[in-house]
Amino acid sequence: MGDLNATIRDVLEAHGRLPVSLSSVNDDDDLYENGLTSHASVNVMLALEDAFEVEFPDSLLRKSTFESIKAISGALESMGVEAPSV
Amino acid sequence: MSILVGIDVQAIDEVEASIKEFGARYTHRLFTDHEVASCGDGPGAASGFAGRFAAKEAVLKILELNEIVPRWKSIEVRRSMGGQPEVALHGEAAEIARSQGIEEISLSISHGGGIASATVIAQVTQGRIGARQWAI
């Protein structure tokens, strides 16, 4: 889980366009309340797909999937992701 | 009868950057085949996609969302015979709109200053109590 969340944080850092430092964001904090836009969440999703070599199914293409680091890791785990590929 | 208003903006350069980095993976995950075909792949494509994304977000703002959040492709922008933009709802977005009593949604999209903006106005015919409702 730790490595998974670390990779998610790397992706958020590169593609999330958050106006706040990720170090101040806890795993269960609401990313949208911390400045993640819907459009940026799409970029995060696509970058996560690259990082973990997966494809989010249609059922997970919702804003709620990306509302927190915890939610993202839960979604990835539901897709069978256990450890980062990079 | 009451009305609901939703508005959203989207920076066109952000869409352009996404298309450049992720290509068709980006466009086909967010937009229907009709929307992708309408926007094309020319120099104005990013502007078209940005307007449509803003429209989807504007529609989401007038829907009362609880457990179910509609997928982006369940909200589609089409053009009327006269060239005006229209909203077509599918799947869960259509179901939520029906449950709220939303019968018709009007859409306007504008571009300028590197920004695409979209405004939607919806008529609600059933009785509905909510913070975003204004009686007329």
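# Briefing on a predicted model with chains A and B

In chain B, 65% of the contacts with a separation of 6 or more join residues 24 or more positions apart. The model is predicted.

**Overall form of chain B**

- Chain B contains 5 helices and 6 strands, and their order along the sequence is β-α-α-α-α-β-β-α-β-β-β.
- Taken along the principal axes, the box filled by the C-alpha atoms of chain B is roughly 45 × 30 × 30 Å.
- Buried residues make up 36% of the 136 residues in chain B.

**The largest nonpolar core**

- The largest nonpolar core has 52 residues, and those that touch the most other members are B:Ala50, B:Ala54, B:Ala55, B:Val59, B:Val87, B:Leu107 and B:Val120.
- The greatest contribution to this core comes from helix 4 (residues 45-62) of chain B, which supplies 10 residues.
- In soluble globular proteins, nonpolar side chains tend to be buried together.
- Beyond its neighbours within four places in sequence, B:Ala55 has contacts with B:Val77, B:Val87, B:Leu107, B:Ile109, B:Ala118 and B:Val120.

**Strands 2 and 3 of chain B**

- Strand 2 (residues 75-79) and strand 3 (residues 85-89) of chain B are paired antiparallel, with 5 bridges.
- Two of the contacts of B:Ala55, B:Val77 and B:Val87, are bridge partners of each other, B:Val87 being in strand 3 of chain B.
- These two strands of chain B form a hairpin with 5 residues between them, and B:Gly83 in the turn has a positive phi of about 95°.

**Strands 4 and 5 of chain B**

- An antiparallel pairing over 10 bridges links strand 4 of chain B with strand 5 (residues 115-124) of chain B.
- The hairpin of strand 4 and strand 5 of chain B has 2 residues between the strands, and B:Gly113 in this hairpin has a positive phi near 60°.
- B:Ser110 belongs to strand 4 (residues 102-112) of chain B and stands opposite B:Ser117 in strand 5 of chain B.
- B:Ser110 counts as exposed because it has 12 C-beta neighbours inside 10 Å, and a residue is exposed at 12 or fewer.
- Although B:Ser110 and B:Gly48 are 62 residues apart along the chain, their C-alpha atoms are separated by 9.9 Å.
- In a regular strand the side chains alternate between the two faces of the sheet.

**Helix 3 of chain A**

- Helix 3 (residues 69-78) of chain A has A:Ile69, A:Ile72, A:Ala75 and A:Leu76 as its buried residues.
- An α-helix has 3.6 residues a turn, so residues three or four places apart point the same way.
- A:Glu77 and A:Ser78 are exposed on the other side of helix 3 of chain A.
- After helix 3 of chain A comes A:Gly80, with a positive phi near 95°.

**Contact between the chains**

- Chain A provides 10 residues to the contact, and chain B provides 13 residues.
- The side of chain A that touches chain B comprises 3 nonpolar, 4 polar and 3 charged residues.

Key
Residues are numbered from 1 along each chain as its sequence is written. Chains are lettered from A and ligands numbered from 1 in the order in which they are written. This is a predicted model: local features need pLDDT of at least 70, side-chain atom pairs count only at pLDDT 80 or more; totals for chains, interfaces and linings use all residues. Helices (H or I, at least four residues) and strands (E, at least two) are DSSP runs, numbered from the N terminus. A residue is buried if 20 or more other C-beta atoms lie within 10 Å of its own, exposed if 12 or fewer, and partly exposed in between; C-beta atoms are placed from the backbone. Two residues are in contact if their C-beta atoms, placed from the backbone, lie within 7 Å. Ala, Val, Leu, Ile, Met, Phe, Trp, Tyr, Cys and Pro count as nonpolar, Asp, Glu, Lys and Arg as charged, and the others, Gly among them, as polar. A nonpolar core is a set of buried Ala, Val, Leu, Ile, Met, Phe, Trp, Tyr and Cys residues joined through C-beta atoms within 7 Å. Two strands pair if DSSP finds at least two bridges between them.
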